[in-house]
Amino acid sequence: MRVSVIGGSRCTEREAETAEAVGRLLAERGHELVCGGLGGVMAAACRGASEAGGHTIGILPTEDSGAANAHVETAIATGMGSARNVLVVLNGDAVVAIDGATGTLSELGHALDQGRPVAGIGTHRIDGLDGIEHVESAGAAVEYVEQAVGD
C-alpha cells in the first residue's frame with residue numbers, strides 16, 4: 001500500500017518525532033510513503049521510512065527534482081506549485097496528516113473529496129465534516145489506515 005503523509009513544511013521537534021515514527025512504521029510494515037518531498041513533516045517522515053529501508057516518493061512543487069529532501073528516493077518534479085497537492089493525495093491509498101497549515105488543509109480537502117481514508121495527528125478539525133479519524137499516536141494512525149484500506 002502507498003500512504004501519503006502530509007503536514008507542515010516547518011514543524012516542532014515533537015511533530016518531527018511523530019512524523020519520523022509514522023514513516024518508520026509504514027516502512028517496517030512494507031508500505032511506500034508518498035509526500036510533498038520538502039522539509040518539516042515531509043522530511044521527518046521520509047527519514048523514518050528511509051532509515052527503516054522503505055521506499056519514499058516526493059512529489060515536488062518545483063521543476064527541480066534536486067529540491068527534494070535528502071531522504072526522498074524517487075523525486076517527481078512537477079512545476080505545479082501547490083497544485084501538486086492533489087497529486088500527493090491521489091498517489092496514496094490513504095493519508096496520514098500531522099499538524100500542518102493551509103497546504104495540509106487543501107490536501108485534506110482533496111483526500112476527503114477522493115474518498116481516501118485519513119488519520120490525523122494534531123491536524124485540522126473541521127466542524128460538521130466527517131472523514132478524518134483523529135488519533136493520538138503514529139501507531140494508531142498506521143493501524144487506522146491499514147484497517148480502512150484493508151491491507
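1. A residue counts as buried when its relative accessible area is under 20%. Keep that cut-off in mind for this predicted model. Cys35 has a relative accessible area of 0%, so Cys35 is buried. Cys46 is buried too, with a value of 0%.

2. How many disulfides are there? The count is zero. A disulfide needs two cysteine sulfur atoms within 2.5 Å. The sulfur of Cys35 has its closest cysteine sulfur in Cys46, 3.4 Å away, so the pair is too far apart for a bond.

3. Look next at the largest nonpolar core. It has 30 residues. Val5, Val22, Leu26, Leu33, Val96, Ile98 and Val145 touch the most other members. Several elements give two or more residues to this core: strands S1 (2-7), S2 (32-35), S5 (94-98) and S6 (118-121), together with helices H1, H2 and H5 (138-149).

4. Take Val5 as an example. Beyond its neighbours within four places in sequence, Val5 contacts residues including Val22, Leu26, Leu33, Cys35, Val96 and Ile98.

5. Another core lies apart from the largest one. This core has 12 residues, among them Val34, Ile57, Ile59 and Ile132.

6. Now the helix pair. H1 (residues 13-28) packs on H2 (residues 41-51) at about 35 degrees, and their axes are 6 Å apart. The crossing is right-handed. H1 brings Ala16, Ala19, Glu20, Gly23, Arg24 and Ala27 to the contact. H2 brings Val41, Ala44, Ala45, Arg47, Gly48, Ala49 and Glu51. What kinds of residue are these? Seven are nonpolar, two polar and four charged.

Conventions: Residues numbered from 1 in each chain as written. Predicted model: local features only at pLDDT ≥ 70, side-chain atom pairs only at ≥ 80, totals over all residues. Heavy atoms only, no water. Axes fitted to C-alpha atoms, helices over the stretch in contact; angles between N-to-C directions. Helix = DSSP H or I, 4+ residues; strand = E, 2+ residues; numbered from the N terminus. Left-handed = near helix turned anticlockwise from the far one by under 90°. Contact = heavy atoms within 4.5 Å. Nonpolar A, V, L, I, M, F, W, Y, C, P; charged D, E, K, R; others polar. Buried < 20%, exposed > 50% of the residue type's maximum accessible area, 1.4 Å probe, protein only. Core = buried A, V, L, I, M, F, W, Y, C linked by side-chain atoms within 4.5 Å.
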